[in-house]
Amino acid sequence: MEIFGDAKTTGLEHLTLEQMLEDNLPEPILKEVKRILYGREVETLDLPKFEKGVNCEIKGYKMGGAIVEQLRPPRIVRVAIIQNTIVLPTTDPIRDQREAIHKKLAKYVEHAASCGANIICLQEGWPMPFAFCTREKYPWCEFAEDAITGPTTELMSGLARKHNMVIVSPILERDQTNGDTLWNTAVVIGTDGRVIGKHRKNHIPRKNDFNESTYYMEGNLGHAVFDTPFGKIAINTCYGRHHPLNWLMFALNGAEIVFNPSATTKTLSEPMWGIEARNAAIANSYYTCAINRVGTEVFPNAFTSGNGQPAHHDFGHFYGSSYIAAPDGTRTPGLSRSEDGVLIAEIDLNLCRQIKDFWGFRMTSRLDMYAEKLAKVVQPDFEPQIIKQ
């Protein structure tokens, strides 16, 4: 079952929503439409372009919105998010595939550093094709690596130390201390190149092609918030964005920026994409960074979705469109729907507390009432509170 639209491509993947609007609306109407869709107008940052021959979009915005306080100085941070296609065919040797992606993404991280990025987050499972829905264990399990000593962490650790950055690197983790268990893990690397900690994907989809529990189960590390020199950050991986309480738990632990590294396709979720992370930013008074994989990845053996549709060799088009949202609901334009991209946002973390003061969501949230009801909901004898005519 397809959720949104026809599974076939429309031929419009090279156009972003912003481009469609700009090409078809007169200026006065366009400005009002953008205000309604995106909130405050954000200022464009003047960033260095990629060197010739590097096919990667670079966008940057100063999000603004915070007031200048009398007792607290601004807490200005530059956040970078990166979306990318794979490099080699999925039939090539595993080592070659990973090394090609490493080489390409190292350039993107270096460029983000030259743009002044303090924190970088890459897409879900970035060093490999998103093979988790083929249900084939090999060769895909060979991409799994140790979160501390694996080659991907070694590469990102060197870059983090070189540029005094924090890097969030989502990988397929092989936990050799726990019976070779596999996890969908985001490794958080500090400015000294050392691993601060990790987050394991809390919610695993079991629908259509996205039946990832063939490879890993729900994470066991809770909703950790990582206190870095550039703010308190957390990771809500992919499918977890559909669960409002998952976002809430990071807020309760004090997060100021929550990254949502993802891999989701056009017909599955695109109309939801621009809403969910932005809603979470509003509801929880923190910044959210939504990062989606981009491109179409073709696998050698056909697979089925368990939905009556014919067997196929790909999951559809990963539509990119990565963006960043502020706690007041303002969001940046998205990156390309078809090409690699780096998005930089300059933010002031003081806005998080200012929005809490303005809206009072935390003070009025009635967590005590929710906790009481949730404690009852998980009991086998739970009865919904329904009053009938």
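Helices here are DSSP runs of H or I with at least four residues, strands are E runs of at least two, and both are numbered from the N terminus. With that in hand, take residues 77-349: the span is 23% helix and 31% strand, and its end C-alpha atoms lie 7 Å apart. An unreviewed UniProt entry annotates this stretch, residues 77-349, as "domain: CN hydrolase"; such positions are given in the numbering used here, with feature names shortened, and annotations may be inferred rather than shown by experiment.

A word on the ground rules. This is a predicted model, in which local features need pLDDT of at least 70 and side-chain atom pairs count only at pLDDT 80 or more, while totals for chains, interfaces and linings use all residues. Residues are numbered from 1 along each chain as its sequence is written, and side-chain values use heavy atoms, leaving out hydrogens and water.

Now for the rings. Phe, Tyr and Trp (its six-membered ring) pair if their centres lie within 6.5 Å, and planes under 30 degrees apart count as stacked, over 60 as edge-to-face and the rest as tilted. By that rule there are 13 aromatic pairs. One of them joins Phe 50 and Tyr 108, edge-to-face at 5.6 Å centre to centre with 70 degrees between the planes. Phe 50 sits in the loop between strand 1 (43-44) and strand 2 (57-62) and Tyr 108 in helix 3 (residues 94-114), so this pair ties together parts 58 residues apart in sequence. Both are buried (under 20% relative accessible area with a 1.4 Å probe, protein chains only; over 50% is exposed, in between partly exposed): Phe 50 has 14% and Tyr 108 has 2%.

Next, look at Trp 273 and Tyr 323. Their ring centres are 6.2 Å apart and their planes at 90 degrees, so this pair is edge-to-face. Trp 273 belongs to helix 6 (residues 266-284) and Tyr 323 to strand 18 (residues 323-325), so the contact links parts 50 residues apart in sequence. Trp 273 is buried at 4%, and Tyr 323 is buried at 0%.

Phe 318 in turn is part of one aromatic cluster, whose members include Phe 130, Trp 140, Tyr 215 and Phe 303.
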